[in-house]
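User: I'd like to learn how to read a few features off a protein model. Can you walk me through them one by one?

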Amino acid sequence: MCSIYSLTCLRRRLLRFAPVLFCLTLSACAEDLGAAAQAEPQLPVSTDALNPESENATPQANNNVNPGVLSLRIDASSKENWVYFDFEQGRLVDVAAKQKWDLAFQRYHVKMNQLDAAHNSMGVAILADTEFDSISQLPSAALLRDEYSADPKVSDPSTYAFDQAGGWYTYNPMKHQLSPNQHTYIVRSLEGTHYKMQFLNYYDDAGTSGHVTIRWALLPAAAVPVDATQQ
């Protein structure tokens, strides 16, 4: 048995505990790396896509770019429920509270308010491949109407005027994406007021579908559109 002060004994003791010291060193490093990973700052989340005030709320005016033009992003992502928009109020309305509406949106479907067969005053003229900014007054064009149905729940989307002339969008089957076309729509509201309108987007900032962005502006009455149903 060697003395505790022997150099040989000290070497033997160190060699005996070397594996234990090595493992403890590795454990300490692993804990430090884990703590560093937890302390790493997270990337900020876009508040615009999460903020409910950025959608279905107050329309945004582009007065510095195009005076009188308003825009609104509409959450129409539900496959069961419609959302309703009124031009005069410039916002979505609650039909359950019997508020007046002009257009209804559900996913990529758009329909007009047809009160009844005798009071079918709404209409839309489709100006294909026409720049929105090029229209400054009411053009002379044929007005189309949705086919009236006494039960809105069984209405046929193929009869909606906004689905005519190829629809308001183009579909990319490779990417499974909808893109608004370059059509401009002249909409006559229930009150007989005319607006020019264009679709800008079908997605929100996060890329979620069914979030339709439109822009519109009031048009002065310079010419009366021809009612296509009376031609």
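Analyst: We'll go through salt bridges, cores, a strand pair and some backbone angles. Keep in mind that this is a predicted model.

User: Let's begin with charges. How many salt bridges does a search of the whole structure find?

Analyst: The general idea is that side chains of opposite charge can pair when their charged atoms come close. Here the search turns up six salt bridges.

User: What does the pair Arg-215 and Asp-133 look like?

Analyst: Their side chains meet in a salt bridge with an N to O distance of 4.0 Å. Arg-215 belongs to strand 13 and Asp-133 to the loop between strand 7 and strand 8, so parts 82 residues apart in sequence are tied together. With 18% relative accessibility, Arg-215 counts as buried.

User: Which residues do salt bridges with shared partners join into one network?

Analyst: That network is made of Asp-86, Glu-88, Lys-100, Asp-102 and Glu-191. Take Asp-86, which you'll find in strand 3, residues 83–86. Asp-86 is buried, since its relative accessible area is 0%. Setting aside neighbours within four places in sequence, the contacts of Asp-86 are Arg-91, Val-93, Lys-100, Trp-101 and Asp-102.

User: On to the greasy side. How many residues does the largest nonpolar core have?

Analyst: In soluble globular proteins, nonpolar side chains tend to be buried together. In this model the largest nonpolar core has 28 residues, and those with the most contacts inside it are Phe-105, Phe-162, Met-197, Phe-199 and Ile-214. Several strands supply at least two residues each, including strand 2, strand 5 and strand 7. Strand 12 gives the most, with five. If you click on Phe-162, its contacts beyond four places in sequence include Leu-103, Val-110, Val-124, Val-187 and Met-197. There's also a second, separate core of eight residues, with Leu-127, Leu-138, Ala-141 and Leu-219 among them.

User: How many residues of strand 7 are buried?

Analyst: To read a strand, check each of its two faces in turn. In strand 7, residues 123–127, five of the five residues are buried. Gly-123, Ala-125 and Leu-127 are on one side, with Val-124 and Ile-126 on the other, and both faces are covered. Strand 7 runs antiparallel to strand 11, residues 184–188, and five bridges join the two. Val-124, for instance, has Val-187 as its bridge partner in strand 11.

User: Last one: which residues other than glycine have a positive phi?

Analyst: As background, most residues other than glycine have a negative phi. Asp-129 is a case to look at, with a phi near 50°. Asp-129 is in the loop between strand 7 and strand 8, and its relative accessible area of 63% means it is exposed. His-176 is another case, with a positive phi of about 55°. Look for His-176 in the loop between strand 9 and strand 10. At 56% relative accessibility, His-176 counts as exposed.

Conventions
Residues numbered from 1 in each chain as written. Predicted model: local features only at pLDDT ≥ 70, side-chain atom pairs only at ≥ 80, totals over all residues. Heavy atoms only, no water. Buried < 20%, exposed > 50% of the residue type's maximum accessible area, 1.4 Å probe, protein only. Helix = DSSP H or I, 4+ residues; strand = E, 2+ residues; numbered from the N terminus. Pairing = 2+ DSSP bridges. Contact = heavy atoms within 4.5 Å. Core = buried A, V, L, I, M, F, W, Y, C linked by side-chain atoms within 4.5 Å.
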